[in-house]
Amino acid sequence: MFEPACARRADLVGAGLCAEPSFSLRIFNFFILAFGKMLKPHVIESSVRQLRNYLLYNYNSWRGREYIPDPRFRINIETSSICNLRCRFCAYVKKTTPKMIMPDGFFQNCVKQAAAMGFYHVGLTPMTGDVFCDPNLFDKFAFLESFDPIREYSFFTNLTLPTRDDIDRLLELRKLRELTVSLYGHDLASFTAITGRGEGVYRRLLENLEYLVSNLSKVSWRPGLGWRSYSTLRVKPDPALKRIFKICKAAGIRVSRSQVYNNWGGFVGRDDLGGLPIDINENASVYKKGACCMLLSSVQIMANGTVNGCSCRDVNGTLCIGDMNSAPLSGILTTSNPVYLGLIEAQQCGDFPEVCGNCDFYKSIYLAGRALQRAEGESITLREFMASY
Ligand code: SF4
Ligand code: SF4
């Protein structure tokens, strides 16, 4: 019989095995962080958010409020763990998991198993990699388009690989719900410094981007642009990029810019940045309380078939909860799986594995209204999750 995590947690706290983080230490840490970094706006904003989170998580925990997005909305499938860029801030170069393309038959099997469990959205964004490194990408799209139980899919791409024909085919996809282009740098020099790739790739990106954003009038999917460059207050985009931003603005395409980079669960740090003016979140600067929603509602089937408890930051698969080469998804993605249950309970007790302990992408179950995923339906509590999954 299942023993609720909150009850277990109370036992563990009572037994002195589940340490609560000290309030004064947390407050001290984030003020030191803010002042120590010369009061940069994003550092101040992050510190204020930490304080808000501390108060919010504890208040919601005290009130017994938990907000887990629909665990059967999105299954993430990494079709390509290969990338053509070498971004300085990214864990891609350092990861030890295989760099490979998921075979089409295996992909279809994963999708069918996920659909049988109630999933209806497929997230194709690799943990690190780019979907267009897969020579059979459009065969995979064709399968998703024709497979009724899957209603929609989405992905991010650096858009440096597709041809004009590929983009024309993208414009025709019916079930694609969201496509976000990740854009790095603000001119050729910064693009090259960040991604390690040269002028040819940069020009192809600009051409692709301009063509894409100029031809969106007929698409049914939602486009987005995630722009990252140096962490300085003012960067001056080159004229071609400015023109693209103008088209985006006129077309109502969302361009989001972030000035601080994730640390990949502590996997990437300042030493990896080659002296570029990029700010990266330092390890463990994020207040954590309760299990992470990513573990409960955004797992990933990696390109080699292992099922990772996190779709976003654990590049080396240390949160592996099973392998689809040897077990069905329904036997892995269930609290009857002791490995999965153990991870959830440990997080709920504040016992975070190394990658989670260092992670700045953590999404607490005590935070409401997150845009973690646009799942339909109500969020659920941890007790409901444990009872149903
Ligand atoms: S950030 Fe994206 S595009 Fe850059 S190396 Fe990593 S996976 Fe590739
Ligand atoms: S804490 Fe970070 S690494 Fe751990 S499950 Fe959440 S997002 Fe993933």
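A residue counts as near a molecule or strand if its C-beta atom, placed from the backbone, lies within 6 Å of it. Keep that cut-off in mind for the ligand stops. The model is predicted: local features need pLDDT of at least 70, side-chain atom pairs count only at pLDDT 80 or more, and totals for chains, interfaces and linings use all residues. Residues are numbered from 1 along each chain as its sequence is written, while chains are lettered from A and ligands numbered from 1 in the order in which they are written.

**Stop 1: ligand 2**

Select ligand 2. It is surrounded by 13 residues. The closest are Cys 292, Cys 310, Cys 356, Cys 359 and Tyr 362. Now color helix H10 (293-297) and helix H13 (354-357), the elements that give two or more residues to this shell. Helices (H or I, at least four residues) and strands (E, at least two) are DSSP runs, numbered from the N terminus. By class, the shell around ligand 2 has 10 nonpolar, 1 polar and 2 charged residues. Here Ala, Val, Leu, Ile, Met, Phe, Trp, Tyr, Cys and Pro count as nonpolar, Asp, Glu, Lys and Arg as charged, and the others, Gly among them, as polar.

**Stop 2: ligand 1**

Move to ligand 1. Cys 83, Cys 87 and Cys 90 are among the residues around it. The shell of ligand 1 divides into 5 nonpolar, 4 polar and 2 charged residues.

**Stop 3: the sheet**

Stay on Ser 182, which stands opposite Gly 226 in E5. Show strand E4 (residues 176-184) and strand E5 (residues 222-228): they run parallel, joined by 7 bridges. Leu 225 has Val 255 in E6 as its bridge partner.

Zoom out to the open sheet of 9 strands, in the order E6-E5-E4-E3-E2-E1-E9-E10-E11, with mixed pairing. Two strands pair if DSSP finds at least two bridges between them. E6 and strand E11 (320-323) are the edge strands, each pairing on one side only.

**Stop 4: H8 and H9**

Select helix H8 (residues 199-214) and helix H9 (residues 239-251). Their axes come within 10 Å and cross at roughly 20°. Axes are lines fitted to C-alpha atoms, for helices over the stretch in contact, and angles run from 0 to 180 degrees between N-to-C directions. H8 and H9 are therefore roughly parallel (angles under 35 degrees).

Display side chains from H8, including Leu 206, Leu 209 and Val 213. In H9, pick Ile 244, Ile 247 and Cys 248, among others in this contact. The H8–H9 contact has 9 nonpolar, 1 polar and 1 charged residues.

**Stop 5: H4 and H5**

Finish at helix H4 (residues 104-116) and helix H5 (residues 137-146). They pack at about 25°, with axes 11 Å apart. H4 and H5 are therefore also roughly parallel to each other.

Technical notes. Angles under 35 degrees count as roughly parallel, over 145 as roughly antiparallel, 65 to 115 as roughly perpendicular and the rest as oblique. Two residues are in contact if their C-beta atoms, placed from the backbone, lie within 7 Å.
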